[in-house]
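Subject: Structure for your review

Dear colleague,

Please find the structure below, together with its sequence.

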Amino acid sequence: MKVGIGYSNTQDSFASGKIAAEAAIAGGEIENPALILAFCHHQVDAEAFLQGLRTVVGHDVPIVGGSAIGIITNDQVSYEGFPAGIAVLQSDDLKYAIACTDHLDQDEMQAGRKLAESLSGTASGQLLLIFYDSLKFPPTASTPPIMNASPPLIQGIAAVLSSSVPILGAGLVGDFDFSPPRQFSGYAVTHQTVVGTLFSGVYHHYYQIMHGTTPLDGIYHTITKMDGAFIYEVDGQPVVEMIDAIYGNKNWRKQIPIKRLTIGVNYGEKYGDYKEEEYVNRLITGALPDAKGIAIFEPDLEVGTVFLFMLRDSSKMMESAGENCSDLMQRIENDGKRPAFGFYIDCAGRTALMSETIDEEADIIRENFHQRNIPLLGFYSGVEVAPLLGKSRGLDWTGVLWVMAEG
């Protein structure tokens with residue numbers, strides 16, 4: 001396999017696509033591109049960017065991806081200005097099928113089912129990579145954003161596709177203000193869609209999840225009133241007042257999303273030792289008007305859900321990224337395989353800007369791949385999708401690292 005990585009941070013969107021494509025083709029010594037993964041910030045015009053790419057790579061190669069808050073490569077971590085990045089893959093042995101379904105905002109489960117049905121004829125699928133529009137309704141001056149839900153989308157896919165096929169991917173967002181994203185669906189720019197690429201063939205797929213939260217105080221709480229993605233009461237008390245007490249002030253209500261506090265559901269032993277890989281976290285996207293409740297990123301909790309308030313732990317985040325990346329590389333080496341391409345889906349909340357850290361967590365991943373001379377493309381997402389505790393799930397505040405290996 002040959003892989004070329006291209007990056008641009010140019011205001012002219014057409015030129016940006018052309019620059020990124022030329023860099024990828026030259027750097028990877030690409031002659032016949034088979035598949036392109038492409039991502040660009042909301043300030044980059046997706047249509048013009050795609051046209052710029054096409055002037056270099058031609059009109060026959062499929063391009064999948066879409067909006068991103070920022071870009072990660074072997075040499076760059078950027079979410080300011082007009083960042084855009086692509087990976088051009090070339091291999092005669094790369095086998096895949098691509099499908100796209102629309103009306104995601106109307107029925108996530110049906111969209112997932114239709115996607116899987118379009119791909120179900122593909123023989124021996126090994127991994128499904130999905131990208132979808134995270135945003136159902138953008139935020140207003142008085143309300144937080146409303147998101148498309150990953151649980152019913154994944155359930156719809158799993159109802160048709162073999163349970164042995166892992167699902168990786170992301171819910172896309174365009175910027176930190178939750179501007180409406182766009183998807184590259186193979187040969188067009190779309191929105192409110194889910195795009196799936198089902199891989200098969202001779203390549204081996206490895207993946208690892210990076211975490212980074214710890215329980216606030218170890219006290220379990222129960223949701224006692226909620227509707228969809230809105231939580232109104234916890235333990236019979238107004239949840240906003242409860243969070244006011246945690247912060248000691250009301251300043252958190254102005255944040256979209258909330259920077260430090262998350263909601264975590266423990267799928268392991270309730271009072272056992274803390275194991276980060278047994279927790280699924282949900283970001284709080286903001287307080288509702290008149291302090292009636294809070295909105296969470298995924299509407300997959302319900303009345304009666306038991307949870308803990310979690311703190312985003314920057315030191316734990318850095319530690320998890322380093323250890324899990326090294327563990328993944330060691331696993332590939334132990335299997336006698338050679339990494340050919342790395343792809344990192346990183347929650348936008350893990351940026352130094354949102355985490356209020358000096359160093360970028362993504363630099364740990366980037367440097368690992370740079371030292372090993374393995375091509376890397378990554379981007380900052382809204383939701384990360386990967387298998388956890390036996391099933392594919394939508395995750396928050398995580399990084400998902402996927403490596404294609406040969407041998």
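Helix 4 supplies 5 residues to the lining of the largest pocket, the largest share. Please note that the model is a predicted one. This pocket has a volume of about 490 Å³. It is lined by 25 residues, and those closest to its centre are Ile 154, Gln 155, Lys 391, Ser 392 and Arg 393. Helix 4 (150-158), strand 20 (279-287) and strand 26 (391-395) are the elements that give two or more residues to this lining.

Of its 16 lining residues, Arg 338, Pro 339, Ala 340, Arg 372 and Ile 374 are the closest to the centre. At least two lining residues come from each of strand 1 (2-9), helix 6 and strand 23 (338-347), and helix 6 gives the most, with 5 residues. This lining divides into 8 nonpolar, 3 polar and 5 charged residues.

I turn now to the interior. In soluble globular proteins, nonpolar side chains tend to be buried together. The largest nonpolar core here has 51 residues, of which Leu 128, Ile 130, Tyr 132, Ile 157, Ile 365, Phe 369 and Leu 401 touch the most other members. Helix 6 (residues 314-334) gives the most to this core, with 6 residues.

Yours sincerely,
A colleague

Note on methods
Residues are numbered from 1 along each chain as its sequence is written. This is a predicted model: local features need pLDDT of at least 70, side-chain atom pairs count only at pLDDT 80 or more; totals for chains, interfaces and linings use all residues. Side-chain values use heavy atoms; hydrogens and water are left out. A nonpolar core is a set of buried Ala, Val, Leu, Ile, Met, Phe, Trp, Tyr and Cys residues joined through side-chain atoms within 4.5 Å. Buried means under 20% relative accessible area, exposed over 50%, partly exposed in between (1.4 Å probe, protein chains only). Helices (H or I, at least four residues) and strands (E, at least two) are DSSP runs, numbered from the N terminus. On a 1 Å grid over the protein atoms alone, a cavity is a set of points where a 1.4 Å probe fits but cannot get out, and a pocket is an open set with protein on both sides within 12 Å along at least five of seven lines; lining residues have an atom within 4 Å of a point. Grid points are joined across faces, edges and corners, and a volume is the space filled by probe spheres set on the points. Ala, Val, Leu, Ile, Met, Phe, Trp, Tyr, Cys and Pro count as nonpolar, Asp, Glu, Lys and Arg as charged, and the others, Gly among them, as polar.
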